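User: Hi! Could you walk me through this one? I'd like to start with the surface.

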Amino acid sequence: MVFASSEGEGGLLANDLADALEIIIGLERRDCLSFFGGGDVEIMQISAQHLERSRDKHNPDIDNEAAQVAAAKHLRGA
């Protein structure tokens with residue numbers, strides 16, 4: 001699965017639809033794309049950890065909600 005924005009940015013999002021949905025369920029897309037570090041994997045991993053902590057702080061039940069969506073969509077888990 002590839003991502004392409006209206007601003008001409010793009011890149012590989014996931015190997016298949018299930019992986020892409022797991023990523024989308026797990027992180028807010030707009031936040032995730034704001035901190036990609038020009039494609040630097042280490043920066044993306046650090047950003048993802050920061051975003052997860054922020055997400056958990058603002059919505060402490062998000063993991064349960066994501067698990068419910070994943071189960072409803074028959075995904076491997078969020």
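Analyst: Happy to. This is a predicted model. The protein chain has an accessible surface of about 5,900 Å², and carbon and sulfur atoms account for 55% of that.

User: Which residues form a nonpolar patch on the surface?

Analyst: That patch is made of Met-1, Leu-13, Leu-17, Leu-21, Ile-23 and Ile-24, which together have about 480 Å² of accessible area.

User: Where is Leu-21 placed, and what is its relative accessible area?

Analyst: Leu-21 is in helix H1, which covers residues 17-26. Its relative accessible area is 32%, so Leu-21 counts as partly exposed.

User: Switching topic: what's the order of elements from the N terminus on?

Analyst: The order in the protein chain is β-β-α-α-α-α, with 2 strands and 4 helices.

User: And how much of the chain is buried?

Analyst: Buried residues are 18% of the 78 in the protein chain.

User: Let's look at H4. Which of its residues are buried?

Analyst: In helix H4 (residues 62-72), the buried ones are Ile-62, Ala-66 and Ala-70. They span an arc of only 70 degrees around the axis, so they sit on the same side of H4.

User: Why would that spacing put residues on one side?

Analyst: An α-helix has 3.6 residues a turn, so residues three or four places apart point the same way.

User: Nice. What does the face turned away from the buried side of H4 carry?

Analyst: There you find the exposed residues Gln-68, Ala-71 and Ala-72.

How values were computed:
Residues numbered from 1 in each chain as written. Predicted model: local features only at pLDDT ≥ 70, side-chain atom pairs only at ≥ 80, totals over all residues. Heavy atoms only, no water. Buried < 20%, exposed > 50% of the residue type's maximum accessible area, 1.4 Å probe, protein only. Areas by Shrake-Rupley, 256 points an atom, 1.4 Å probe, with all protein chains shown as cover. Patch = residues over 30% accessible without salt bridge, like charges linked within 9 Å, V, L, I, M, F, W, Y side chains within 5 Å. Salt bridge = Lys/Arg side-chain N within 4 Å of Asp/Glu carboxyl O. Arc of directions from axis to C-beta.
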